[in-house]
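Thank you all for coming. I would like to take a few minutes to walk through one structure, beginning with a helix contact and ending with some aromatic rings.

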Amino acid sequence: MQKPIPTPAESADANTGAMAGASTHWPSLTAAVMIMVIATLDPRLLAHPSGAADHLLASFLFLAMSAGFVRGVGFIPSWWLWRVLFSGWTCALGLALAAAAKWMH
């Protein structure tokens with residue numbers, strides 16, 4: 001008799017444990033979707049009052065958006081560095097840094 005083929009979640013649990021407990025993280029996903037929609041509808045919010053692009057603000061917001069989407073859909077990377085860079089905490093830090101960058105200008 002053959003063994004059943006494990007699902008991707010079962011094999012990840014058995015091999016790395018990286019997907020154990022992974023589920024949708026609504027705060028991160030909500031933040032990522034909001035950043036995406038707002039930046040798409042009014043990109044002037046990512047610019048200086050003079051009209052020049054604010055690269056620091058955009059970088060922080062896109063860091064938050066990237067981390068928010070990865071963690072928001074429930075993916076937790078195996079390698080510790082990716083796990084830190086794509087966590088809910090990185091999303092929150094990116095939002096805080098974006099707020100500080102916007103406040104400085």
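**A helix pair and an aromatic cluster**

Let me begin with the contact itself, where Ser28, Leu29, Ala32, Val33, Ile35, Met36 and Ala39 of α2 meet Leu61, Phe62, Ala64, Met65, Gly68, Phe69, Arg71 and Gly72 of α3. Sorted by type, the residues of this contact between α2 and α3 comprise 11 nonpolar, three polar and one charged. Please keep in mind throughout that this is a predicted model.

As for the geometry, helix α2, which covers residues 26-41, and helix α3, which covers residues 55-72, pack at an angle of about 135 degrees, and their axes are 7 Å apart. The two helices, α2 and α3, are therefore oblique to each other, and the crossing in which α2 passes α3 is left-handed.

Is serine 28 buried or exposed? Its relative accessibility is 2%, so serine 28 counts as buried. If we set aside the neighbours within four places in sequence, serine 28 is in contact with Gly68, Arg71, Gly72, Gly88 and Cys91.

Let me turn now to the aromatic rings, of which the structure holds three pairs. In one of them, tryptophan 79 and tryptophan 82 have ring centres 5.7 Å apart and ring planes at 70 degrees, so this pair is edge-to-face. Tryptophan 79 counts as partly exposed, at 44% relative accessibility, and tryptophan 82 is likewise partly exposed, with a relative accessible area of 40%. Finally, ring pairs link Trp79, Trp80, Trp82 and Phe86 into a cluster.

Note on methods: Residues are numbered from 1 along each chain as its sequence is written. This is a predicted model: local features need pLDDT of at least 70, side-chain atom pairs count only at pLDDT 80 or more; totals for chains, interfaces and linings use all residues. Side-chain values use heavy atoms; hydrogens and water are left out. Axes are lines fitted to C-alpha atoms, for helices over the stretch in contact, and angles run from 0 to 180 degrees between N-to-C directions. Helices (H or I, at least four residues) and strands (E, at least two) are DSSP runs, numbered from the N terminus. Angles under 35 degrees count as roughly parallel, over 145 as roughly antiparallel, 65 to 115 as roughly perpendicular and the rest as oblique. A crossing is left-handed if the near helix is turned anticlockwise from the far one by less than a right angle, and right-handed if clockwise. Contact means heavy atoms within 4.5 Å. Ala, Val, Leu, Ile, Met, Phe, Trp, Tyr, Cys and Pro count as nonpolar, Asp, Glu, Lys and Arg as charged, and the others, Gly among them, as polar. Buried means under 20% relative accessible area, exposed over 50%, partly exposed in between (1.4 Å probe, protein chains only). Rings of Phe, Tyr and Trp (its six-membered ring) pair if their centres lie within 6.5 Å; planes under 30 degrees apart count as stacked, over 60 as edge-to-face and the rest as tilted.
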